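Here's a quick tour for anyone opening this structure for the first time. Have a look at it, then read on.

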Amino acid sequence: MFFFSQTFLGMVQRLATVAALLLPFTSAFLLPSSPLPRVPSYRSASTRTLSMQYGSLREKPLKVIIAGGGIGGLVLANALQRHGIEYDLYEKTREYRPFGGPIQVQSNALAALEAINKDMTERIMAAGTTTGNRVNGLKDGVTNKWYCQFDTGAPAQKRGLPLTRVVDRPDLQSILLEYMDRSRLHTGVEVAEYTQLADGSVDVTLTNGERVQGDVLVGADGIWSNIRGQMHSESPGKESATYSGYTCFTGVCLARPHDVKEVAYKVYLASEKYFVCSDVGKGRMQWYAMLGQPSGKKVPDGVQGAHLIKEYQGWSREVLELLEITKEEDINQRDLYDRPPLLLKGWAKGPVAVLGDAAHPMMPNLGQGGCQAVEDGYRLAQELSKITDRGDVAWALRMYENQRLVRSSAVHGLARIASDVLFQSKLLFSNPVIGSFVGLMMTISMPLILEFLYQNVLDESDWGNAKGRLSNMAAYEDQSNTYKSVREAQQALASKERQLQPN
């Protein structure tokens with residue numbers, strides 16, 4: 001059974017780590033409307049010396065160099081712009097093209113985006129599909145029976161946060177680009193390496209040979225980050241990353257399941273694989289098929305659909321129907337990797353810091369990878385906006401690290417544990433008694449996890465939007481013309497499923 005499997009020790013270690021990380025946040029569970037506790041940091045004497053030595057920012061404005069123009073880098077650019085901080089963003093692709101499927105922008109990330117630019121966030125939310133007012137949960141991949149259902153709307157509404165949306169990645173990127181200063185965006189070039197100078201600034205060498213200088217360098221260059229690699233003297237390649245044990249096929253198809261009005265997100269579990277599907281709007285469903293196999297085992301293009309249909313034979317028709325109607329050109333495969341949290345190494349060194357996947361690449365099971373990058377961008381800009389002397393840069397980056405490292409590491413650990421549990425679903429659910437017990441445990445634990453994920457991580461000065469929604473809860477009802485709450489959607493779903501049962 002699972003509890004004696006080889007992965008059990010690793011899961012126990014991760015659970016212990018997550019439990020230790022969550023201890024400072026106990027008050028957030030006991031007092032769910034309160035913000036997360038802040039981790040103190042203190043300026044050193046050497047930092048104060050630098051402040052006196054290099055003078056006020058009034059004489060020369062702070063300049064930030066951003067390496068990487070993915071979601072995290074674009075959010076940081078907009079957040080810096082909000083505070084009037086000068087920046088230059090370097091992105092290796094020559095132009096942004098429509099690429100990538102829909103992604104979840106959950107309540108905690110939307111709240112941070114709203115603080116950065118409310119008009120921008122309203123555009124993002126309007127472009128997306130609301131999923132936070134519908135049922136989400138786990139099902140048996142073969143029998144189609146529900147193991148448990150989750151309410152992602154209630155913890156968000158409790159804190160006045162926006163409801164989770166699913167947004168097409170190209171739409172999200174386009175809106176973020178539209179609101180930033182495009183003259184500060186440099187495409188077709190990336191940061192190759194950097195050198196910290198004696199005056200505390202950083203000299204950056206670009207891949208085209210050009211050199212630029214700034215006061216801060218931020219690595220937003222993804223899981224294979226050059227900045228993280230140089231900062232911690234590690235290879236940015238796969239040899240220093242952790243393979244999850246499974247490959248992920250993704251697809252988007254035109255489909256309207258019978259329960260789409262009531263259900264947003266479903267995870268189907270069975271033997272050594274699992275399947276995830278979500279409504280992503282515009283009459284489409286997005287799905288993820290996770291198969292346990294060695295890394296690097298690529299299924300040839302053109303036969304991936306047939307391969308998956310064979311792999312999922314005997315599963316629920318809900319799964320097979322999505323696979324059967326998906327066009328071959330709309331299927332992609334990638335192996336999933338993450339990296340250990342930088343608990344000991346840290347996110348910042350001198351004038352250099354990392355964010356997003358460069359800091360905390362994580363499994364996709366909680367849908368929080370991009371959301372944590374948004375929180376990073378908000379927090380980093382907040383800390384940089386508070387300094388008045390160039391010598392305070394290292395202190396501000398340390399404050400950013402202190403505010404973000406523990407929370408993101410806990411999310412990373414929870415995502416990894418979820419990955420391990422789902423991957424071991426054969427052992428978990430082969431026995432009906434164990435399956436019922438695990439379903440009960442998930443029913444109990446998921447609300448607590450969601451309470452933790454959907455925290456108010458904003459500075460108090462940015463609580464205005466949340467307070468506005470809390471004073472007018474009817475605003476949530478205006479966001480959907482279907483159901484006012486997940487509870488109402490659950491009742492409608494139960495009624496519909498009873499009608500579909502054979503007499």
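This is a predicted model: local features need pLDDT of at least 70, side-chain atom pairs count only at pLDDT 80 or more; totals for chains, interfaces and linings use all residues.

## The whole chain

Stepping back, the protein chain has 18 helices and 19 strands. Of its 503 residues, 55% are buried. If you take the contacts between residues at least 6 apart in sequence, 76% of them join residues at least 24 apart.

Helix α18 covers residues 486-500, so to speak the stretch to look for next. Its 15 residues reach 21 Å from first C-alpha to last, close to the 21 Å expected at 1.5 Å a residue. V486, A489 and L493 are buried here. Looking down the axis of α18, you'd find these buried residues within an arc of 55°, so they line one face of the helix. Why might that pattern come up? An α-helix has 3.6 residues a turn, so residues three or four places apart point the same way.

As for what covers the buried residues of α18, β5 and β14 are included, and so are β6 (146-150) and α7 (153-158).

## Where α4 meets α5

Now for a pair of helices. The axes of α4 (residues 71-82) and α5 (residues 107-116) come within 9 Å and cross at roughly 40°. On the α4 side, V75, N78, A79 and R82 take part, and they meet L113, A115 and I116 of α5. Sorted by type, the residues of this contact are five nonpolar, one polar and one charged.

## A closer look at S107

Helix α5 also holds S107. Is S107 buried or exposed? With a relative accessibility of 0%, S107 counts as buried.

Leaving out residues up to four places away in sequence, S107 touches A156, L161, P162, L163, T164 and Y454. One of these, P162, has its backbone oxygen 2.6 Å from a polar atom of the S107 side chain.

Note on methods. Residues are numbered from 1 along each chain as its sequence is written. Side-chain values use heavy atoms; hydrogens and water are left out. Axes are lines fitted to C-alpha atoms, for helices over the stretch in contact, and angles run from 0 to 180 degrees between N-to-C directions. Helices (H or I, at least four residues) and strands (E, at least two) are DSSP runs, numbered from the N terminus. Contact means heavy atoms within 4.5 Å. Ala, Val, Leu, Ile, Met, Phe, Trp, Tyr, Cys and Pro count as nonpolar, Asp, Glu, Lys and Arg as charged, and the others, Gly among them, as polar. The expected span of a helix is 1.5 Å times one less than its number of residues. Buried means under 20% relative accessible area, exposed over 50%, partly exposed in between (1.4 Å probe, protein chains only). The arc is that of the directions from the helix axis to the C-beta atoms. A polar contact is a pair of N or O atoms within 3.5 Å; within protein, one must be able to donate a hydrogen and the other to accept it, and residues adjacent in sequence count only if both atoms are side-chain atoms.
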